[in-house]
Amino acid sequence: MGVLLALVPTAAFADALVDNVNGVTMDKDGKVVRFTGLLLSPDGKVTALLRREDKRPAKLDWRADMKGRVLLPGFIDAHGHVLDLGFRAMALDLSDSNSLAEAQAKIRAYAAANPERKWILGGGWNQERWKLGRFPTTADLDAAVSDRPVWLSRADGHASWGNTMALREAGVTARTVSPAGGRIEKTGAQVGGAPGGVFVDAAQELVQRVVPPPLPKERDAAFVQAQRLLLASGVTAAADMGTTIDDWLTYRRMGDRGALRVRVIGYSSGVETALQVGGAGPTPWLYGDKLRMVGVKLYADGALGSRGAWLKQPYADAPGQVGAGFMTDAQLQNRMSRAAMDGWQVAVHAIGDRADAQVLDAIALMAETYKGDRRWRVEHAQIVDPADLPRFAKFGTIASMQPVHQTSDRTMAEARLGPARLTGAYAWATMLRNGSKLAFGSDFPVERPDPWAGWAAAFTRADEAGQPFGGWQPQERVTREQAWWAFTGGAAYAGFAEKQFGTLAVGQRADFIIVDRDPMLASPSELRATRVEETWVSGEKVWERGK
């Protein structure tokens, strides 16, 4: 079921021992490693993995007996939005609503329970899940709440829905023009008609700019919520995609107070934010490898669900639309170059095949000038022209992908694309066969920060109900081990963090979780049901179920 590994120091002394474990991890070659004890240094780093027959040190600062329970390295979510996760948990959450009527009832109840709120804010709605066949409208929202502005983001964050009062506060009328990189949905079929209530991608800012921003103490509270949710899921580190100045200050406040438990790898919201935070380049690791801003996040297009993803050919279910590119080729290349010249890693959101091609073109051009270990990242890479897939193996490019998007979006993707364009959709196995680097995440709060669901989806291509039988586009399944690596060692590598943490290798931080079953022996449904019992970061227990 794997290989055994012992890396015992010659000196018969270690400061701490986590013992009597059914330990499972992977080595740098992707092989399963089993062990029964974990030796730690005073600063919470791994000094050795012990087999059952290996002698334990006689002198220890402390010893934890795990009574034979399963110990795994903590998961690393390669793509999430930390503060957004916390705010979603604190605000109106429509992610589990199954119909427009159900959502309206939740909105109505939330407004009644929060009479002091001047704006009703939240998100998580998905018209595809509601089987609505259209975007919701201002009238739909007015029917739930009409006495206060309401502004609700779509599940993917690439569209928002407002009521009449919200649009009035923003001064949006029938004469308001859709901005570049965005779209105002109109009522009926009239392009020049009244705003319908949904604003896609860059158009969201037309209303967002008048929404009262959260106070610093509210941001702190949101972080605490997000951190709790991540640690409870077994996630000990996350790449924060689109870190703003306010986000960064929140993480710094938490770090200064000694309250930063989960590790945050920041990718700034644009080049300007990176320069404000890091000056001449990426920041050092702070607070014992808990926080670093390493890169810049850029957007090439929108999302598939709101038809903002930029396609080479029109949408199958909207023949007049191809989505939108957010930048010209020159603009994208200029921003990538500005980031790369100061050593920032570049991560570009690209979902549609036209956007992916644009980013790959830009990477090829950048690689002529910016040599060395750059680890160019393409975030999502959901719909790729098969002719472009081999290009992900060049220039050290990393495909940062989210397995749960495939299981959540498959029927919508079929409708948006038609059968002919599904060959390059969510093509994880092809990426690996071509020699590309793969990193997995969840895109929380678009999806739940549940690495077990992502892991199971990656090697089955089926959802929690086991549908479709045999998996969707099953040729793109990866192995159980490949999927696990993408959520641990691969995700660490994608964030220039493989020396700090990821797989419990000697010298890495001792970030691990105690769970109720062996993931290498569990069926897909059993894997999804895995319960995290304890979460440890740098050899310190930071979360425990029921406490």
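Modeller: Let us begin with Arg263, which is buried, its relative accessible area being 0%; buried stands for under 20% relative accessible area, exposed for over 50%, and partly exposed for the range in between, with a 1.4 Å probe and protein chains only. Before going further, please note that this is a predicted model, in which local features need pLDDT of at least 70 and side-chain atom pairs count only at pLDDT 80 or more, while totals for chains, interfaces and linings use all residues. Residues are numbered from 1 along each chain as its sequence is written, and side-chain values use heavy atoms, with hydrogens and water left out.

The pLDDT, the predictor's confidence in each residue on a scale from 0 to 100, averages 94 over the protein, and 97% of the residues score at least 70. Residues 1–13 are below 50, although this stretch has 32 contacts in the model beyond near neighbours in sequence. Where pLDDT is low, the predicted coordinates should not be read in detail.

Arg263 belongs to strand β15; strands (E, at least two residues) and helices (H or I, at least four) are DSSP runs numbered from the N terminus. Setting aside residues up to four places away in sequence, Arg263 touches, among others, Thr236, Ala237, Asp289, Phe501, Arg509 and Asp511, where contact means heavy atoms within 4.5 Å. Ala425, by contrast, is 162 residues away along the chain, and its C-alpha atom is separated from that of Arg263 by 31 Å.

Strand β15 takes part in an open sheet of eight strands, ordered β7-β14-β15-β16-β17-β18-β19-β20 with parallel pairing; two strands pair if DSSP finds at least two bridges between them. At the edges are β7 (75–80) and β20 (437–440), each of which pairs on one side only. On average, and with direction ignored, neighbouring strands here are turned by 25° against each other, the axes being lines fitted to C-alpha atoms, for helices over the stretch in contact, and the angles running from 0 to 180 degrees between N-to-C directions. Within this sheet, β17 (residues 345–350) and β18 (residues 377–380) pair in the parallel sense over four bridges, and His349 stands opposite Glu379 in β18.

Two helices that pack on the sheet bring us back to β15. Helix α7 (residues 245–256) touches β14 (235–243), β15 (263–269) and β16 (291–299), and its direction makes about 150° with that of β14. Helix α8 (residues 271–278) likewise touches β14, β15 and β16, its direction making about 165° with that of β16.

Finally, consider the nonpolar cores, each a set of buried Ala, Val, Leu, Ile, Met, Phe, Trp, Tyr and Cys residues joined through side-chain atoms within 4.5 Å. The largest has 96 residues, of which Leu304, Met336, Phe440, Trp452 and Trp455 touch the most other members, and helix α10 (residues 353–369) supplies its largest share, six residues. Leaving aside neighbours within four places in sequence, Trp455 is in contact with residues including Phe75, Arg480, Trp484 and Leu527. A second, separate core of 20 residues includes Phe135, Leu141, Val145 and Trp161. In soluble globular proteins, nonpolar side chains tend to be buried together.
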